[in-house]
Amino acid sequence: MSRRIQGINPGGGISRFSKALVTQHELEAEGYSFAQGTEADCFNRFGHSYAEQQWAVVPLRHPQYLHHAYKIRALDEPLGQLGGEDHAPWQCRDQ
């Protein structure tokens, strides 16, 4: 399993939370690191890992288009630092 967690831009909330979680869960001691990048860096890292059949951790919001194309397993976060699941409901209004 890759120990590099590829994130998106530093201003993204998911990046801030993910970087903090690496520290809070003391993952550096196990060799894990969080890398800032772009959405393309993050999605390409996921695609490469998938193609190589390697396990990888990629911080994604849900829903996210990758969830529709791949079977992605969400990891538990026992400290509750992410505040629960995001929801993006679809609404259609008749005009």
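The chat below walks through a predicted model of one chain.

Student: What are the ground rules here?
Tutor: This is a predicted model, so local features need pLDDT of at least 70 and side-chain atom pairs count only at pLDDT 80 or more, while totals for chains, interfaces and linings use all residues. Residues are numbered from 1 along each chain as its sequence is written, and side-chain values use heavy atoms, with hydrogens and water left out.

Student: What does the chain average in pLDDT?
Tutor: The mean is 82, and 83% of the residues score at least 70. pLDDT is the predictor's confidence in each residue, from 0 to 100.

Student: What is the secondary structure of the chain?
Tutor: Three helices and two strands. From the N terminus the order is β-α-β-α-α. Helices (H or I, at least four residues) and strands (E, at least two) are DSSP runs, numbered from the N terminus.

Student: How much of the chain is buried?
Tutor: Buried residues make up 29% of the 95 residues. Buried means under 20% relative accessible area, exposed over 50%, and partly exposed in between (1.4 Å probe, protein chains only).

Student: On to H2. How far does it reach?
Tutor: H2 has 13 residues and reaches 18 Å from first C-alpha to last, close to the 18 Å expected at 1.5 Å a residue. The expected span is 1.5 Å times one less than the number of residues.

Student: Which of its residues are buried?
Tutor: Cys42, Phe43, Arg45, Phe46 and Ser49. Down the axis of H2 they fall within an arc of 155°, so they line one face of the helix. The arc is that of the directions from the helix axis to the C-beta atoms. On the other side of H2, Asn44 and Ala51 are exposed.

Student: What do those buried residues pack against?
Tutor: Strand S1 (4-6) and helix H3 (65-69).

Student: Serine 49, what does it touch?
Tutor: Gln54 and Ala56, leaving out residues up to four places away in sequence. Serine 49 counts as buried because its relative accessibility is 3%.

Student: What comes just after H2?
Tutor: Glutamine 53, with a positive phi of about 55°. H1 is likewise followed by a residue with positive phi: glutamate 26, near 55°.

Student: Aromatics next. How many pairs?
Tutor: Three aromatic pairs. Rings of Phe, Tyr and Trp (its six-membered ring) pair if their centres lie within 6.5 Å; planes under 30 degrees apart count as stacked, over 60 as edge-to-face and the rest as tilted.

Student: Why is the pair of phenylalanine 46 and tyrosine 50 stacked?
Tutor: The ring centres of phenylalanine 46 and tyrosine 50 are 6.2 Å apart and the planes are at 25°, so the pair is stacked. These two are four residues apart in H2, about one helical turn.

Student: And tyrosine 50 with tyrosine 70?
Tutor: Edge-to-face, at 4.6 Å centre to centre and 65° between the planes. Tyrosine 50 lies in H2 and tyrosine 70 in the segment after H3, so the pair ties together parts that are 20 residues apart in sequence. Ring pairs link Phe46, Tyr50 and Tyr70 into a cluster.

Student: Buried or exposed, phenylalanine 46?
Tutor: Buried, at 12% relative accessible area. Tyrosine 70 is partly exposed, at 27%.

Student: Switching to glutamine 6. Where is it?
Tutor: In strand S1. At 1% relative accessibility, glutamine 6 counts as buried. Residues touching glutamine 6 include Asp41, Cys42 and Arg45.

Student: Which side chain does glutamine 6 join in a polar contact?
Tutor: That of arginine 4, at 2.3 Å. A polar contact is a pair of N or O atoms within 3.5 Å; within protein, one must be able to donate a hydrogen and the other to accept it, and residues adjacent in sequence count only if both atoms are side-chain atoms. A polar atom of the glutamine 6 side chain also lies 3.4 Å from the backbone oxygen of glutamine 36.

Note on methods:
Contact means heavy atoms within 4.5 Å.
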